[in-house]
Amino acid sequence: MKGYDPELFRKIKEAVSMQQVAEYYGLQINRKGLCLCPFHQDKDPSLKIYPNGKGFYCFSCGAGGDQIKFVSMYLDTSNYEAAKELAAAFDIPLAEPVTYREKREAELARRRRAAVAVFKKRAIMYVKMYWILLCEAIHERNEHFTEALQNITYIEYLLQNLEECPEEVYEDKKAVRRIGEIEGRIADWYIRIEADGTISR
């Protein structure tokens, strides 16, 4: 990101080993360099911690990368924020933004992160509510059965994306519009228009 310490990533990788990072976040590494993977429900150690700055790789779920990527995934944050977390944890000095432009960019980035966080929380709440309604409709084979069959796969896909890459969903105008429609659909779910035009619940 422009305006930030361009040497931060290099400083982190040179100052902190992958093993130090893993142990800092509570992973127990065995003699073979393996530990339980925190990115899926791991019962047998499948995450390999490599020496000499080669990072990590999970043989079960495929997660992999360097020290910074590990923290980014572990804390569900950006690579830059992950690097700053490591700098603070291991007392690595970094250059904070000092010019007006740098401060403005930092503030815009902060506001965007906050907006995405609010969007993610609200969107997941409504999409999960709709998913529950769809599951009930399929189980009960009620009047919403066809709607449920048509939408359940997409809703599950949308939920997964909201959890894993909320920023991409936030940028997707079609997905945002669909989530807005879902909010309205939940409100209308129990409303029924009778043959004579009257509305009942």
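Reader: Which helix gives the largest share of the lining of the second largest pocket?
Author: Helix 6 does, with four residues. Keep in mind that this is a predicted model.

Reader: Which helices supply at least two residues there?
Author: Helix 6, helix 7 and helix 8, which runs over 173-188. The lining includes Tyr-154, Tyr-157, Asp-172, Lys-174 and Ala-175.

Reader: What volume does that second pocket have?
Author: About 190 Å³.

Reader: And how do its lining residues divide into nonpolar, polar and charged?
Author: Six are nonpolar, one is polar and four are charged.

Reader: OK, now the largest pocket. What is its volume?
Author: About 750 Å³. It is lined by 23 residues, and the closest to its centre are Asp-76, Thr-77, Ser-78, Glu-164 and Pro-166.

Reader: Which elements give two or more residues to that lining?
Author: Helix 3 (67-75), helix 4 (79-89), helix 5 (100-140), helix 6 (145-164) and helix 7 (166-171). The largest share comes from helix 5, with six residues.

Reader: How does the lining of the largest pocket divide by residue type?
Author: Ten residues are nonpolar, ten are charged and three are polar.

Reader: Back to helix 8. How many residues does it have, and how far does it reach?
Author: Helix 8 has 16 residues and reaches 23 Å from its first C-alpha to its last.

Reader: Which of its residues are buried?
Author: Ala-175, Ile-179, Ile-182 and Ile-186 are buried in helix 8. They lie on the same side of the helix, because they cover an arc of only 50 degrees around its axis.

Reader: What exposed residues are on the face turned away from the buried side?
Author: Lys-173, Lys-174 and Arg-177.

Reader: What does Asp-172 do at the start of helix 8?
Author: One of its side-chain oxygens reaches to within 3.0 Å of the backbone nitrogen of Lys-174. Both Asp-172 and Lys-174 also turn up in the lining of the second largest pocket.

Reader: Different topic. Where is Ser-46?
Author: In the loop between strand 1 (34-35) and strand 2 (47-49).

Reader: Is Ser-46 buried or exposed?
Author: Buried. Its relative accessible area is 7%, and the cut-off for buried is under 20%.

Reader: Which side chain does Ser-46 make a polar contact with?
Author: That of Asp-42, at 2.7 Å.

Reader: What about Arg-141, what is its phi?
Author: Positive as well, about 50 degrees, and Arg-141 is not a glycine either.

Reader: Where does Arg-141 sit?
Author: In the loop between helix 5 and helix 6. At 63% relative accessibility, Arg-141 counts as exposed, since the cut-off for exposed is over 50%.

Conventions. Residues numbered from 1 in each chain as written. Predicted model: local features only at pLDDT ≥ 70, side-chain atom pairs only at ≥ 80, totals over all residues. Heavy atoms only, no water. 1 Å grid on protein atoms, 1.4 Å probe; cavity = no way out; pocket = protein on both sides within 12 Å on 5 of 7 lines; lining within 4 Å. Points joined across faces, edges and corners; volume = space filled by probe spheres on them. Nonpolar A, V, L, I, M, F, W, Y, C, P; charged D, E, K, R; others polar. Expected span 1.5 Å × (residues − 1). Buried < 20%, exposed > 50% of the residue type's maximum accessible area, 1.4 Å probe, protein only. Arc of directions from axis to C-beta. Polar contact = N/O pair within 3.5 Å; in protein donor to acceptor, adjacent residues only side chain to side chain.
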